[in-house]
Amino acid sequence: MAAGAFFVGIPLTGMLMYERQSAQQAKESLSYYEKLHEQYSYASFYVLTRDVAAGEELTADMFQVQRVQSSEDLSAAQLLTEEDLIGRRLKVSLTKGAALSTDIVYEGAPIADDERRVELRELDLPQTLRENEFLDVRIVFPNGEDYLVVGHKRVYRIIRDDAGEVLALQLRLLEEELLRYQAACVDTKTYEDTRLYVVQYTGEFQPAAEAYYPVNRAVFRLLQWDPNIVELFVVEEEQERRELLETNLERFLLEEPEETDDLEQPVQEDLEETKEPLALYTGLPEES
């Protein structure tokens, strides 16, 4: 009986040892996967449900929520909401499954093919100007004529020196807008006391103002054949308005000194003609 019990106990002991070894292996595997899981970061992103081209406006059916894992830290990732995406546009073309983030979407009209980043320096700026505000670039001549050169532009960056003084503004201009701005810069050097300045919009909801500054003849001809201009907006009367502007300026610059001299000369002559010795009145009775 003892021998029989011994031989029966051998397989039971083997089974117990095998189960303990399997449990230990399972425990070690679980610990390994838990440690591996801790090495990954998880976050929920909106991903595209189809290919989307650059500049295309996003709609609700173009993206969906998807849980993403990465070996990199995703805690600092700035997640968007559905309201942040609907109506916005992509800066670059993306394929199905690409994650959406703040650095690849923008709000506004599609980016034109001839739109470029430009740093403008020849401007009088208000002290309250801030980045992401909208502004108009205007030019004012010494005779008081004031024209809008470039309208409704966002300030993407204010460039400052080490002392904090503003050196330039970074805007996005179309080819036509850039040529009109350069023509305005030439006018500031041609006509003394002419200056370029900016005015701020009071809110993003305001509609864009229309530019009406008439460029000089050379730039007007250049606008006609510049191959980089995607859409050109010119009116036939622009050169007539330019001629009127130049005529008014010439008349103002020529006549202003003469009018000043003519006004001063008669006044001086009248003073000389009416100059008489002063008589003092004391109010005392004369001596008898």
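**Exercise 1.** State how many salt bridges the structure holds, and work through the pair of arginine 89 and glutamate 57.

*Solution.* Step 1. The structure holds eleven salt bridges; the term means a side-chain nitrogen of Lys or Arg within 4 Å of a carboxyl oxygen of Asp or Glu. This is a predicted model, in which local features need pLDDT of at least 70 and side-chain atom pairs count only at pLDDT 80 or more, while totals for chains, interfaces and linings use all residues. Residues are numbered from 1 along each chain as its sequence is written, and side-chain values use heavy atoms, with hydrogens and water left out.

Step 2. In the salt bridge of arginine 89 with glutamate 57, the closest N and O atoms are 3.5 Å apart. The two residues are 32 residues apart and link distant parts of the chain.

Step 3. Arginine 89 has 14% relative accessibility and therefore counts as buried (buried is under 20% relative accessible area, exposed over 50%, partly exposed in between; 1.4 Å probe, protein chains only). Glutamate 57, at 38%, counts as partly exposed.

**Exercise 2.** Describe the salt bridge between arginine 217 and glutamate 246.

*Solution.* Step 1. The closest N and O atoms of arginine 217 and glutamate 246 are 3.1 Å apart.

Step 2. Arginine 217 belongs to helix 4 (residues 217–225) and glutamate 246 to helix 5, so the pair ties together parts 29 residues apart in sequence. Helices are DSSP runs (H or I, at least four residues), numbered from the N terminus.

Step 3. Salt bridges with shared partners join Asp187, Arg217, Arg242 and Glu246 into one network.

Step 4. Arginine 217 is partly exposed at 36% relative accessibility, whereas glutamate 246 is buried at 13%.
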